[in-house]
Amino acid sequence: MSQGRPGVGMTGFASMAPAPAPQLDHHELDAVQQALGVLSGRRLAVLTGAGLSTDSGIPDYRGPGSAPRNPMTFQEFIGSEANRRRYWARNHLGWSHLRHADPNAGHAAVALMERRGLLSGLITQNVDRLHEDAGSINVVDLHGRFDQVICLDNGHIFSRRLIAAILEEINPGFLAAALESGVVEMAPDADATVEDPELITSFVMAVCPICGGTLKPDFVYFGENVPKGRVERAYAMVDEAEALLVAGSSLTVQSGLRFVRHAAKAAKPVIIINRGPTRGDGFAELKLELGVSGALDYLSRNLPDLPGAKAPIGVSPV
């Protein structure tokens, strides 16, 4: 990690300072200034999605140009050894690429807002931990984190780097062979296509180093519930805030949309920054069709200080 950036390096892979934010044209500037007018003087909760990490080289799920995907559900993962083998083979390839991603100017902007005391907290649907690498502290990783692996049998938790090392040892040459087999497409959860079915069937899965149990990346899969404690902590951030800023999320899944509905029900302004429609547009006071990192960078530098700004709410992480 670069010593020039104030991140805490939770993933351990950050190595470069964020690239400068894209410059806004005059139409984009007019739009973000409208958001500035709504958000000024209000403490914010921020909800981010995959659209924020595209400038870090991590593809979006549903943004313009995104390839159609059919992610594996939790039921499929636990119900079939063949499914788990396929998932781990693809994830091992995806991890080898996405672990090198660095925070972009949007992540840095959110961290700056937190340091300035403008936020009640940050809720992210992303598992890439780039917010933490950029320096954000009071974060709810709503859908889990890709730098951890959990044992489904006994709850043991391991670093993804440790499991990656084990997988590389028991599958020598797999990564090189997978890259040679065809075009590699990545997803935000470190999933990747592997063209050769023989590579999949020959892949050797790792087991829990402590008990020999079944390992799963520490994500919330489709069909799996977000832990109650995370949801409660996220609601507390919205309740503590005076407005909700959504950045880079299509709000397609209920896990994120519920916080937009919650804020709107409490008559708190909702601002959405996202290229393309979202399920929350009808609840938003203002919807900006803008690049996320450029808009966040502008807001972080131009939102006024809050009188008597207090530190982020102190709720123990879950």
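**Exercise 1. Find out how Arg129 sits in the fold: is it buried or exposed, and where in the chain does it lie?**

Step 1. Arg129 has a relative accessible area of 5%, so it counts as buried (buried is under 20% relative accessible area, exposed is over 50%, and partly exposed is in between, using a 1.4 Å probe and protein chains only). A word on the model before we go on: it is predicted, so local features need pLDDT of at least 70 and side-chain atom pairs count only at pLDDT 80 or more, while totals for chains, interfaces and linings use all residues. Residues are numbered from 1 along each chain as its sequence is written, and side-chain values use heavy atoms, with hydrogens and water left out.

Step 2. Look for Arg129 in the loop between strand 2 and helix 5. (Helices, H or I with at least four residues, and strands, E with at least two, are DSSP runs numbered from the N terminus.)

Step 3. Check the backbone too: Arg129 isn't a glycine, yet its phi is positive, about 65°.

**Exercise 2. Work out which residues join Arg129 in a network of salt bridges.**

Step 1. Start with the side chains of Arg129 and Asp147, which form a salt bridge at 3.9 Å, N to O. (That term asks for a side-chain nitrogen of Lys or Arg within 4 Å of a carboxyl oxygen of Asp or Glu.)

Step 2. This pair ties together distant parts of the chain: Arg129 is in the loop between strand 2 (119-124) and helix 5 (130-134), while Asp147 is in strand 4 (residues 144-151), 18 residues apart.

Step 3. Asp147 is buried, with a relative accessible area of 8%. Its side chain also meets that of Arg145 in a salt bridge, at 2.8 Å, N to O. Arg145 is buried as well, at 18%.

**Exercise 3. Look at the salt bridge of Glu81 and Arg85: how many residues apart are they?**

Step 1. Their side chains meet at 2.9 Å, N to O.

Step 2. Both belong to helix 3 (residues 81-98) and are four residues apart, about one turn of the helix.

Step 3. Glu81 has a relative accessible area of 47%, so it's partly exposed. Searching the whole structure turns up 13 salt bridges.

**Exercise 4. Describe helix 1: what distance separates its end C-alpha atoms, and which residues are buried?**

Step 1. Helix 1 (residues 26-39) has 14 residues, and at 1.5 Å a residue it should span 20 Å; the end C-alpha atoms are 20 Å apart, which agrees. (The expected span is 1.5 Å times one less than the number of residues.)

Step 2. The buried residues are Glu28, Ala31, Val32, Ala35, Leu36, Val38 and Leu39. They cover an arc of only 165° around the axis, so they sit on the same side of helix 1. (The arc is that of the directions from the helix axis to the C-beta atoms.)

Step 3. Turn to the face pointing away from the buried side, and you'll find the exposed residues His26, His27 and Gly37.

Step 4. Now see what the buried residues of helix 1 pack against: strand 1 (44-48), strand 7 (243-247), strand 8 (270-273), strand 9 (286-288) and helix 11 (292-302). (Contact means heavy atoms within 4.5 Å.)

Step 5. Check what flanks the helix. At its start, a side-chain oxygen of Asp25 comes to within 3.0 Å of the backbone nitrogen of His27. Gly41 follows helix 1, and has a positive phi, near 80°.

**Exercise 5. Study Leu251: is it buried or exposed?**

Step 1. Leu251 lies in the loop between strand 7 and helix 10.

Step 2. Its relative accessibility is 0%, so Leu251 counts as buried.

Step 3. Leu251 is a residue other than glycine with a positive phi, near 55°.

Definitions and conventions. Polar contact = N/O pair within 3.5 Å; in protein donor to acceptor, adjacent residues only side chain to side chain.
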